[in-house]
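Hi everyone, thanks for making time. I'd like to walk you through one model today, starting with how its parts meet and ending on a single residue.

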Amino acid sequence: MATPETRITEWLATQQEAMLAELEAMVNIDGGSYDKAGVDAVGQRVKDFCARFDIPVETVPGQKHGDCLRALVGGGDATASGNARQNIVLMGHRDTVFPKGEPTRRPFRVENGIATGPGVCDMKAGLVQNLFVLAAFRQFGGAPGPLVGLFTGDEEIGSPEGRPVIEAEARRARVVFNSEPGRPSGAVVTGRKGGVFMVMDIEGKAAHSGGNFEAGISAIEELARKIQAIHALTDIPRGITLNVGLVSGGQSVNTVAPWAQGQIDLRYIHPEDRDDIMGRIEGIIAQSFVPGTRATLTIRGEFLPLAQNAGTEAVFAAYKAAAAESGLAIASEFAGGCADSGFTAAQGAPTLCAVGPVGGKAHSPEEYLEVASVVPRAQALARAILKLDQAGI
């Protein structure tokens, strides 16, 4: 009699065409982070898919951004191991970084084994993978615990509404697999930087730059001096980088600038570095390099680092062994980019990231997905789930 593993992996092996059809439908829907209707339209695809396999879906409404969806496939004996954390979480986000109309300009396309389109790898392919893995376990059983498919709607802007939902799920999670795209090398991610995204607003005083220059207080000059001081906090050996990536300000070329704004990106590896660097930034904001200016700092988004620890190593070892049975030689990488996996790891849930199909050049018109990776990565994830008990996770 065939085992659940055999049934699951054999069924997934027949699903590439169906997976690509679902992926095409998702990619061709607008879904920028601030387009709630679009992100929720992708969410409707998730609901419709789950309905076909009799998988219940709970909706946690978002006020400004896409709703969070929680699909549940029962499995295992919830009391067998005595582990208070039973849920096996498959996570992914539905939003993209692209503007309205991008799918019309660049619709889903497959050519020479490469799929393209906005969000094709980051991370709609991961959503499709998670759906088909959930469907496989729903049909054939074998899961060593309840499977939760968590589909969020605002990751690309720091999960302002999704974070509390993610953290609550993580506190119930035995393990979390985040199906962000596999790295171009095929590796998964066992560590990520944390990030804080901020805006500094500076107020000066307008004056005619020719006739009354000395009465003005330049907010742009203050911004320039603050940028220099903030960039000087970069410490490459410690993995700390500061980047003011967007600036604006001023009234006219012949006016001393009455206002200016700079947007700051902080990245760090070690959790303890976050408060240290934020304290230094706050000190720079409080200091007036140009007398008479005033400045405020606003945090617009934040990710926690995915810390590498024994739990992460155990999940990676289990996944690596499972992937080998799908013909994949898997390595691990550290990534400078941020993801929701940092939130789950911070809640004590062993977390592995970038287990989705392989792709690259995310957030650009050149974003791509390797079609041949879709089925083997789904099989690897399913096998890893089946081996959690054996791995002691």
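Predicted model: local features only at pLDDT ≥ 70, side-chain atom pairs only at ≥ 80, totals over all residues.

Where they touch, domain 1 supplies 14 residues and domain 2 supplies 11 residues.

How many residue pairs are in polar contact between domain 1 and domain 2? The count is 1, with both residues at pLDDT 80 or more. For salt bridges between domain 1 and domain 2, the count is 0. The buried area between the two domains comes to about 850 Å², and carbon and sulfur atoms give 69% of that. On the domain 1 side of this contact, the residues are 6 nonpolar, 4 polar and 4 charged.

Now let's zoom in on Ala219. This residue sits in helix H7, which spans residues 219–231. Is Ala219 buried or exposed? Ala219 counts as buried because its relative accessibility is 0%, and the cut-off for buried is under 20%. Leaving aside residues up to four places away in sequence, Ala219 touches Ile202, Glu203 and Gly204, as well as Ala257, Pro258, Trp259 and Ala260. Gly126, on the other hand, is 93 residues away along the chain, and its C-alpha atom is 45 Å from that of Ala219.

That's my tour, and I'm happy to chat.

Notes:
Residues numbered from 1 in each chain as written. Heavy atoms only, no water. Contact = heavy atoms within 4.5 Å. Buried area = accessible area lost by both parts, 1.4 Å probe. Salt bridge = Lys/Arg side-chain N within 4 Å of Asp/Glu carboxyl O. Polar contact = N/O pair within 3.5 Å; in protein donor to acceptor, adjacent residues only side chain to side chain. Nonpolar A, V, L, I, M, F, W, Y, C, P; charged D, E, K, R; others polar. Helix = DSSP H or I, 4+ residues; strand = E, 2+ residues; numbered from the N terminus. Buried < 20%, exposed > 50% of the residue type's maximum accessible area, 1.4 Å probe, protein only.
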